[in-house]
Amino acid sequence: MKTGLFFGSFNPIHIGHLVIANYMATFSGLNEVWLVVSPQNPLKQKSGLANMYDRLEMAKLATENAPQIKVSDIEFKLPQPSYTIDTLTYLHERYPEKEFVLIMGADNLSSLKKWKNFEILLKDYHIYVYPRPGAEVSEWRNHPSITFTDTPEMEISSTFIRKALKDKKNIQFFVPDNVLEFIEQKNMYR
């Protein structure tokens with residue numbers, strides 16, 4: 001069972017995340033994709049980060065009609081900030097029957113050498129990379145552990161959505177309707 005792990009803050013989850021997850025689950029040979037909601041990315045600022053349970057709920061709402069995409073709160077139970085290698089080690093012990101594949105954007109790949117134990121990640125796991133505009137990844141092109149995919153490029157970000165909400169712009173179609181409803185009910189990102 002090949003399971004893709006797509007880590008993110010999902011602050012909030014948007015159609016870009018969903019297109020990537022669905023593409024990976026449908027076109028890349030994976031059996032399923034888990035959206036791993038990260039309480040805190042060690043390489044990002046915590047300010048502006050919505051409550052982790054709200055982000056988890058939005059991810060669940062966004063994927064409720066996608067059986068090939070699951071939502072995981074596994075990092076909620078682990079020490080914070082969450083390091084990918086620690087989460088993978090934990091998941092490997094808990095689900096020895098699964099072959100975990102890391103899903104990441106080319107922008108994250110270009111900073112992979114800053115990650116904790118990145119050499120072990122490359123030795124023990126396969127990484128599926130989706131394109132990101134302007135990311136420099138030529139040094140990784142022929143690495144045996146890295147597969148570059150033809151995932152459609154999505155130039156939409158959670159930062160864009162949060163700013164649009166703050167500026168009282170209409171974000172319909174950028175997030176699923178039930179996620180938009182949740183954001184509005186809780187008056188998030190205003």
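Reply: Let's start with S9, which sits in the loop between strand 1 (2–8) and helix 1; helices (H or I, at least four residues) and strands (E, at least two) are DSSP runs, numbered from the N terminus. Before going on, note that this is a predicted model, where local features need pLDDT of at least 70, side-chain atom pairs count only at pLDDT 80 or more, and totals for chains, interfaces and linings use all residues. Residues are numbered from 1 along each chain as its sequence is written, and side-chain values use heavy atoms, with hydrogens and water left out.

S9 has 14% relative accessibility, so it counts as buried (under 20% relative accessible area; exposed is over 50%, partly exposed in between, with a 1.4 Å probe and protein chains only). Not counting residues up to four places away in sequence, S9 touches V37, S38, L49 and R55, where contact means heavy atoms within 4.5 Å.

Now for the rings. The structure holds eight aromatic pairs: rings of Phe, Tyr and Trp (its six-membered ring) pair if their centres lie within 6.5 Å, and planes under 30 degrees apart count as stacked, over 60 as edge-to-face and the rest as tilted. In one of them, F6 and F10 have ring centres 5.6 Å apart and planes at 85 degrees, so they meet edge-to-face. Both F6 and F10 are buried. F6 also pairs edge-to-face with Y130, at 5.8 Å centre to centre and 70 degrees between the planes. Because F6 lies in strand 1 and Y130 in strand 5 (residues 126–130), that pair ties together parts 124 residues apart in sequence. F6 has a relative accessibility of 3%, and Y130 is buried too, at 8%. Together, F6, F10 and Y130 make up one aromatic cluster.

T149 lies in the loop between strand 6 (146–148) and helix 6 (158–166), and is buried, with a relative accessible area of 12%. Its side chain reaches the backbone oxygen of V129 at 2.9 Å. The side chains of T149 and T151 are joined by a polar contact of 2.6 Å (a pair of N or O atoms within 3.5 Å; within protein, one must be able to donate a hydrogen and the other to accept it, and residues adjacent in sequence count only if both atoms are side-chain atoms).

Back at helix 1 (residues 15–27), the buried residues include Y23 and M24.

Definitions and conventions. The expected span of a helix is 1.5 Å times one less than its number of residues.
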